[in-house]
Amino acid sequence: MHLLFKNMLDSKRSLRFANFIMFILAGIAVLGTFPDSSIPFLSSPHSIYHRAIFLFLLGFLTLLTFVATLQIAFVVFRFYQKDPNLSLAEKYPATYQREFFVISRQISDLKTTVIHYLRNRGVRIFSKGGNSSIFVLNGFKHRLGIWGSFLLHFGFLIVVLGGFLTFRFADIREVTILEGEAIILPDTRAKVALEKFTITLQSGKRTVEEYNSRLLVQNRKGEIFHYDLKVNHPLNIEGTKVFQTRYHVDVQDIELTIYQNGKPLERIKLKVGGKQWLSDAPFAIEATRVVPDFVMDDKGKVVSRSPYFNNPAVLISLYNTSSAKAPIIQQWALEGMLSHGRQQQKEWSFVLNKVRVRYSSGIKLSRDPGMPVVYVGFLFLVLGTFVSGFLTPLAVTLQGSLSPDGKGTVVRINGYSTKDAVGLRFEIEAMTRNLERILSTGV
Amino acid sequence: MNIGVLILLYLIFSLGSFIAVSSERRVLFYGAMIIGLSALTIHGLFIFVRGISAHHFPLTNSYETLILLSFLIIAIYFFTFLRFRSVALGGFSGLIASILLAATSLLSPDIEPLLPSLKSNWLFFHVMTIFIGYACFAVAFGSAAFYLFWDLTRLKSKKGDISDSIQKKFEYLDWLTYRLIAVGFPFLTLGIIIGAVWANICWGRYWSWDPKETWAFITWLIYGTCLHMKYTKEPSGRQTALLAFFGFIIMMFTYLGVNFWLASIHAYN
């Protein structure tokens, strides 16, 4: 255990360990995305995210992140310390040095040109020194980049904390409200009734423009408000967030006109699946099946083009007293039209007058104390990744001194970086090339 | 406008870049660059025109996002070129873009109206940031692939020590892969976070371990591991390249595999 703790504190080893945990976590997370019953030992793969092994690994990764955050915080603290005994090399682990010779003995001119160049390159000069035979410049670039790693890891911790609060304390539930019915929101005394659920289709198309639940809300003071609940437009009712998630439609009954030999016989109302005897003839009618958007394909099979009641049709079965079990006729009845059938002149035909439907709206109710915490964590995470990815702290020390033979000036560039040693090398080499060109040619 | 024309232009750009690298002829290099930039401009216009026809940003289904991703890969490559001057990467980027555009032939090009769940201002920011991240990873994949190809060639030729210049090239490719991942990772993070915020507004839950969300998290973990590797003791360039290669495969599964093979509320095809 002591060795494990020691390894965790050793930043290089703990990073490798963290990588290992991340890999295992990723592997287990993959399992959870498999379809149900596809894994022999796991009938419901999605449940793996609530299982001990996954939570343990996530917790362990969080612990490693916590240790890392403390280590990084210490590094950031040391970075800003103005301790003269703390060298640049201690603050910036990566170092690189180059030097070149310039045939010029005008130290002050060289210094001015170098300062101008460094400033154009985004390096902030914080100290200058020297005399007629030597100049020293110290500068840094992207100093704020030191915060990137800390913000990122801290943000991850906050997100996990928020996730834990959600897991433990959130009350998220889905409820279904029928049109005309009401529910009481949990933890409040607010009553919510669904006045009407409407589906608006795109003009001339069979696709949905929007779903709208028209809600009537009575708060604890007894005040009544109307709200329109739509997808992507949640409501906040006394601290409970309300979201439009799904809907369901039930066919209540249908109204049908029955024609015999072209003349209207009877107009009846019947429920789907229910058999009803006609009052004026010894026959029974059954509405066997309802299709919301009737169309017949090339093979004569009836399908629905969409789930919306654009062109409803009902399959009508007609029974007589001697064949109560098997229908003598089965025909589709459409709205406002005589029903389909193989023959033009038929004894029986049916016209669908009305399909009465009742919608129920599926809404999600949410009281989640973890959400604001997670959002704060997200902010730190985003800031951290961008600062870390785009700003690599760099310190530069430039020294120009007259060469021993007095024929020119030796310019020495020392670069220091907190990470990315290769990038530092490229940066210093690019500076060296450019400065050498500028100082030699003046261009 | 025919997607086939774009595919052809990108293939010519890719081939031209590869030949320019091997032959070190400037004429070929300039020619390839001109073709690449022209193709990118036409590509951008195509996306713009589709957006005008659809009355929304064209990034709502697999067809549109394949076109967007291939555009961003080439755009990211040219940004990279401004800074890092890697011509070979253009070859890989052009090839990847062509393959992605060719994949659109398997999908319907019809412009579909937006579903109610997609009618949100978050859509543009979520998709764009994710795909900028993906594009960076795709270009990093090209760099990693080039590294591995060279490494494999070197191993097969059984050359022992390599010269300084070759060693520097290997180092440069390794560093380029790292920088591209370091740039793509924040965008992926931002895209996932915007997605979580939007999911909370739309579905009432910022994270529900939906397959798309989970695989995005897996992609995030893999690339996070890749970045971590740069801080561990003496990371091998080959290891980083292999991980970047693997990360790209995971990323492509997150993008396309989940839509077609797993049941997800994110499957907008």
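**Salt bridges, contact, sheet and core**

Modeller: Let's begin with one residue: at 16% relative accessibility, Glu429(A) counts as buried (buried means under 20% relative accessible area, exposed over 50%, partly exposed in between, with a 1.4 Å probe and protein chains only). Before we go on, this is a predicted model, where local features need pLDDT of at least 70, side-chain atom pairs count only at pLDDT 80 or more, and totals for chains, interfaces and linings use all residues. Residues are numbered from 1 along each chain as its sequence is written, chains are lettered from A and ligands numbered from 1 in the order in which they are written, and side-chain values use heavy atoms, with hydrogens and water left out.

Colleague: Which residues are linked with Glu429(A) in a network of salt bridges?

Modeller: A salt bridge is a side-chain nitrogen of Lys or Arg within 4 Å of a carboxyl oxygen of Asp or Glu. Here Arg98(A), Arg425(A), Glu429(A) and Glu171(B) form such a network. Arg98(A) meets Glu429(A) at 4.0 Å, N to O. That pair links distant parts of the chain, 331 residues apart: Arg98(A) sits in strand 1 and Glu429(A) in helix 8 of chain A (helices, H or I with at least four residues, and strands, E with at least two, are DSSP runs numbered from the N terminus). Arg98(A) is partly exposed, at 30%. Arg425(A) also bridges to Glu429(A), at 3.8 Å, and these two lie 4 residues apart, about one turn of helix 8.

Colleague: How much area do chain B and chain A bury between them?

Modeller: The size of an interface is often given as the accessible area lost when the parts come together. For these chains it's about 4700 Å², 68% of it on carbon and sulfur atoms (accessible area with a 1.4 Å probe, summed over both parts). The contact takes 53 residues from chain B and 55 from chain A, contact meaning heavy atoms within 4.5 Å. Between the chains there are 2 salt bridges.

Colleague: And what is the strand order in the open sheet of 4 strands?

Modeller: Strands of a sheet pair through backbone hydrogen bonds, either parallel or antiparallel. In chain A the order is 12-13-16-17, with antiparallel pairing (two strands pair if DSSP finds at least two bridges between them). Strands 12 and 17 are the edges, each pairing on one side only.

Colleague: Which residues touch the most other members of the largest nonpolar core?

Modeller: Nonpolar side chains tend to be buried together in soluble globular proteins. Among the 150 residues of this core, the answer is Tyr10(B), Phe131(B) and Trp220(B) (a core joins buried Ala, Val, Leu, Ile, Met, Phe, Trp, Tyr and Cys residues through side-chain atoms within 4.5 Å).

Methods: Buried area is the accessible area (1.4 Å probe) that two parts lose on being put together, summed over both.
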